[in-house]
Each structure stands twice: as structure tokens, then as C-alpha cells.
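Thanks for coming. I will talk through one model today, and I would like you to keep the structure open while I do.

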Amino acid sequence: MSSRPTIKEVSKIAGVSFKTVSRVLNNEKHVSEETRRRVEEVVARLNFRPSHAARTLAGRRSFQVALLYDNPSPYYVYHIQLGAQQRCSELGYRLLLQPIDSQSPDLVSNVMALVDEAHLDGVILSPPVTEIAALLDELDRRGLPYVRIAPGARKDSGMAAAIDDVAAAREVTEHLIGLGHRAIGFIRGLDSHVSTWERLQGYREALEAHGIAFDEGLVVAGENSFTSGGEAARQLLERTPRPSAIFAGNDDMAAGVLAVAHEADIDVPGQLSIVGFDDSDLARAVWPPLTTMRQPVRELAYAAADLMLSPEAEPRVTLEHKLMIRSTTGPAPR
């Protein structure tokens, strides 16, 4: 017997056909109670997990899809969930929410176990899960539909919903340059997010376009969290001279910058301008309200679910971003 039992082994031991095993696994009718009991006992004894082949053999859809996420920003995750849930509900599908550890060596096998056990009709991948090559390869191999929210690498893999992160970051930086800022700090997000590097690229392109030399000392790594934003801000504000503006790669980190500025009695925006990215609820909850680049997170997730479940939908969609100018940006101090 193989290390992982197959539907063939289950059917042989139970003394029934492959299709009968599939009907039992899918809880279909037209199976006697005695046969169902016998198959379920074999399944339990072998610790058998239904395979994609068994699902295909059954010839039916489960009307279930899963959203896979691993992101330290609760605001981002919340709106991703809301958008995907709304579209799935409208189309009569159940959305399973599955947090995963994108660094786990067992990630692919764990996701495939979920696919098989829940008989998923597809999966929605949010950053940084969108970038896990081994997972994309396995989904392609199985032929399971998937949609990637804001993919960076391998942009042609699967369907996708995204914004132009490079252009958005360039616009943020140009806003600060237009206010007279020249020493602009940049707090990048997690290295595993390709959008981190695309936003850094947009920041550098804007500096270059305006003849401002790129200074590696003004770029500090963050982890997309409030705490890491505060730690990065302290590093930047210890510089002499310190930057007159800080562009953080998401709103959580920007809120951390704002908190550190308040602690240090630095006037915002009189002495320091701050910009975030996402336009999460947090951007409007902090004081002063945060200037930020609006990434339509909820709409991206809605579009991702629509791409997967609507046969007439285009395979990829790019949504518009918008700079939301509020109270944390102002003219550079003289």
C-alpha cells in the first residue's frame, strides 16, 4: 500500500466501485446505508483524504472557494475578506477564510489538504501568498482555478486583480516633492511582498525624474505593522539632518511614524510630513488624519472573486488608485 491511500484502495477494501466511494465522499443520495457505513469505516481506518481526482469523478461543484491570507495588517485582511465574501455571497458560493504561514515548509501540502477536504472549486490568493511559486505550480498542475490579488512576480500565472503599485508610489513621492520636500524617507514593507519592491521602484523613479539623488540611508525596512513603522521612524529621525517627509509602505506603518512624531513633539505636518498607503480605516482614525494612497482593497477582493466565479469575466483587471490628501502633509519646513 502506498504511503498515502488512494480512492482505488478505498474502493477495493470496501468492495465497491470508484463512483460509489465518490458518492459517499460527496454525501450524495442513491447509496445504501450499509454501503455508506462500510466506505466510511474504510476511509476512517486508512485516514484517507479525498483527492482532486475523486472530486472530478463525482462530476459536481462544491460551491466553495477559499481565501488564503498571511498579512500582519488587520485592516487589510478585514477588507479583503469583506470584498471576497460579498461577491461570493451574491453568486451563491461559500467563502472559507484560511490564514496560513507563508514561510511554512508544509504550506503546499496543507493548502492541498484543504482543497481536497473541502472540495474547493478554486482559491483566492492575497499577498504574499500570491508569490509562492511552489503553490502556484501545484495549482497549475492540478488545474484548480485561482485568482491572485496584487501579484508581483509571474504576473501571467492565474487570473489577477491589482493596481499599478509603481505608478501609485511615484504619485505619492511626487506629491511630497511638489510640496518642496527633498529629504524623503521611505519605509518599505515585507520583503516577501513584491509590491514592496514595486513601491520602492516608484519612489526612486519620482526622485530621479526630479533630479534628486537616491539615498539608501533614507530607506528603512519595516514589516507592514504599526510597531515596525515606529521603529523605522526612530531610525530615520535620528539622522542628521533628519528627513522632512516619510513615505511608509502601508497605513499601519505610517500610523507608527505618526505616533513616534507625537512622542518626540515633532509637529505634523509643520516639521514632518507623513504619507501612508492603502487608505484603511486607520488612516481616518489617527490624528491628524493621514494622507495616503487609496488602494481599493475591498474592491480588489470583490473583483478577484468575480474573476473566478463569473465565466464572462476578463482574466485580469487593474483598478484605479487615488491619492487621498488629508492633514499629515504640508510644505517642507524652511
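Predicted model: local features only at pLDDT ≥ 70, side-chain atom pairs only at ≥ 80, totals over all residues.

Start at strand β5, residues 159-162, which is joined to β11 by 3 bridges, with the two strands running parallel.

In what order do the 6 strands come? The order is β2-β1-β3-β4-β5-β11, the sheet is open, and the pairing is parallel. At the edges stand β2 (94-99) and β11 (316-318); each has a single partner strand, so one side of each is left without a neighbour in the sheet. On average, neighbouring strands of this sheet are turned by 20° against each other, direction ignored.

Next, confidence. The protein chain has a mean pLDDT of 89, and 93% of its residues reach 70 or more. The stretch to treat separately is residues 52-59, where pLDDT stays under 50. For that stretch the model has 17 contacts beyond four places in sequence.

On to backbone geometry. Most peptide bonds are trans, and most residues other than glycine have a negative phi. Here are some exceptions to both.

Which residues are joined by a cis peptide bond with omega about 10°? They are V268 and P269. P269 sits in the loop between α11 (251-263) and β9 (273-278). Another cis bond links W287 to P288, with omega about -10°. P288 belongs to the loop between α12 (281-285) and β10 (291-294).

The loop between α11 and β9 also holds D265, whose phi is positive, near 60°. Is D265 buried or exposed? With a relative accessible area of 69%, D265 is exposed. N224 also has a positive phi, near 65°. N224 is placed in the loop between β7 (219-221) and α10 (226-237). At a relative accessible area of 8%, N224 is buried.

How many cavities of 30 Å³ or more does the structure hold? It holds 1. The largest cavity has a volume of about 210 Å³. Its lining has 21 residues, and the closest to the centre are N71, H193, S195, R199 and N224. So the buried N224, at 8% relative accessible area, is among the residues closest to the centre of that cavity. β6 (184-188) and α9 (194-209) each supply at least two residues of the lining. The largest share, 4 residues, comes from α9.

Last, the open space. The largest pocket contains about 220 Å³. It is lined by 14 residues, and those nearest its centre are P151, K155, A162, I163 and T318. Which elements each supply at least two residues of this lining? They are β5, α8 (165-178) and β11.

How values were computed
Residues numbered from 1 in each chain as written. Heavy atoms only, no water. pLDDT = per-residue confidence, 0-100. Contact = heavy atoms within 4.5 Å. Pairing = 2+ DSSP bridges. Axes fitted to C-alpha atoms, helices over the stretch in contact; angles between N-to-C directions. Buried < 20%, exposed > 50% of the residue type's maximum accessible area, 1.4 Å probe, protein only. 1 Å grid on protein atoms, 1.4 Å probe; cavity = no way out; pocket = protein on both sides within 12 Å on 5 of 7 lines; lining within 4 Å. Points joined across faces, edges and corners; volume = space filled by probe spheres on them.
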